[in-house]
Amino acid sequence: KKKNNKTKIVRFPESTMFFGNKKDNPFFKQKRKIFNIHGDFFLFCSKNNSDLYFEGQNSNFFKKKILYTNQLRYESWWKKKFFSHKKKNKYFNILIALRSYNNDYFHKESYYKTLKDLSLLVRDLKNIKLIFKIHPQEIDEKKLRKDLKIINKNFYSISKDHMISLSAKSDFCISILTSACFDSIIMKIPTVEYYNVSKEINLSPKAREFMHLIYNKTQKKWSTIFEHNKVIKNISNYEELLNEIKKAKLNKKEYKKNVNSNYKRLVKLSNFGRNTENILKFLNKIN
């Protein structure tokens, strides 16, 4: 900026995650203070996301700096870069978007119970392989391999590849409370969420403060933000999970109707503002 004051700093400070607001979750608490908010423009996919980022700041000052966008990573020209011709093989590949445990909303016992249930899939289903996608901020691969000793090495793999790339090679996805599920849904892969909201809240009331959870006052029910937006089906027990995979595995055409419905809802939620082309035109015009 000192060398050329016409240089524009454009910041894209968050993920594809749709955050709720105080109305959606009156118990929510912002636990991470955001520093260094310098920039000429900020890109956000929703007002809730910008409110979260600029909480406590002078909103009028930043109002003209905010550009609301679509989910840019889901534009057709970009998605095409990840498509690959799936080779026929005898395995039904199940992608698992995993996160590590913590003391607030995904407890240690829940984490190991989830891994135990996933190991049962290998026992109860024929010709499947599990692909574990490591959460980029939470999971150590060495520790995960140690935790996965309960599964035969021939039936699983661990990958650091991008979720969209892995989704293109998978037949089903199990998401553990992460916006990574959007990547598999946008690739039209059958996707479910395996997470017991009630159990986590019972284990710790702090779970209610987490931004991924929503409270329905009318129904007096907690749900994840993904289930709340109807882009994914939430499953909380092994029997239901096993049945869901069997349906997808044995009757792909029928199951695909649900997949397309989830995809359409996510696309609708994602088309919030400007696309990449319009953003670039705007920035070029400013210069």
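User: Taking two strands as paired if DSSP finds at least two bridges between them, which residue in strand 7 stands opposite isoleucine 96?
Analyst: Isoleucine 174. Strands here are DSSP runs of E, at least two residues long, and helices are runs of H or I, at least four long, both numbered from the N terminus. This is a predicted model, where local features need pLDDT of at least 70 and side-chain atom pairs pLDDT 80 or more, while totals for chains, interfaces and linings use all residues. Residues count from 1 along each chain as its sequence is written, and side-chain values use heavy atoms, without hydrogens and water.

User: How many bridges join strand 4 to strand 7?
Analyst: Four, with strand 4 (residues 92-97) and strand 7 running parallel.

User: And which residue of strand 8 partners isoleucine 174?
Analyst: Valine 192 is its bridge partner there. Strand 7 and strand 8 (residues 191-194) pair over three bridges, in the parallel sense.

User: What's the whole strand order?
Analyst: 6-5-4-7-8-11, an open sheet of six strands with parallel pairing. Strand 6 (156-159) and strand 11 (233-235) are the edge strands, each pairing on one side only. The twist averages 25° from one strand to the next. That angle lies between the N-to-C directions of axes fitted to C-alpha atoms, on a scale of 0 to 180 degrees; helix axes are fitted over the stretch in contact.

User: How does strand 8 pair with strand 11?
Analyst: In the parallel sense, over three bridges. Tyrosine 194 has isoleucine 235 as its bridge partner in strand 11.

User: Which hand does the strand 7 to strand 8 unit have?
Analyst: Right-handed: a β-α-β unit of strand 7, helix 7 (residues 181-186) and strand 8. With the strands pointing away from the viewer, the path from the first strand over the helix to the second runs clockwise.

User: Where does helix 4 lie?
Analyst: Across strand 4, strand 5 (128-133), strand 7 and strand 8. Helix 4 runs at about 155° to strand 5.

User: Switching to packing. Which residues have the most contacts inside the largest nonpolar core?
Analyst: Leu121, Leu130, Phe132 and Ile174, in a core of 74 residues. Such a core is a set of buried Ala, Val, Leu, Ile, Met, Phe, Trp, Tyr and Cys residues joined through side-chain atoms within 4.5 Å. Helix 4 (residues 108-124) gives the largest share, six residues. A second, separate core has seven residues, including Ile37, Phe42, Tyr53 and Phe62.

User: What does phenylalanine 132 contact, beyond four places in sequence?
Analyst: Among its contacts are Ile96, Leu98, Leu115, Leu118 and Tyr156. Contact means heavy atoms within 4.5 Å.

User: Are the side chains of strand 7 buried or exposed?
Analyst: All are buried: Phe172 and Ile174 point one way, Cys173 and Ser175 the other. Buried means under 20% relative accessible area and exposed over 50%, with partly exposed in between (1.4 Å probe, protein chains only).

User: How many disulfides are there?
Analyst: Zero, from a search of the whole structure for cysteine sulfur pairs within 2.5 Å.

User: Which loop holds leucine 177?
Analyst: The one between strand 7 and helix 7. Leucine 177 has a positive phi of about 50° although it is not a glycine. It counts as buried, at 0% relative accessibility.

Note on methods
Two strands pair if DSSP finds at least two bridges between them.
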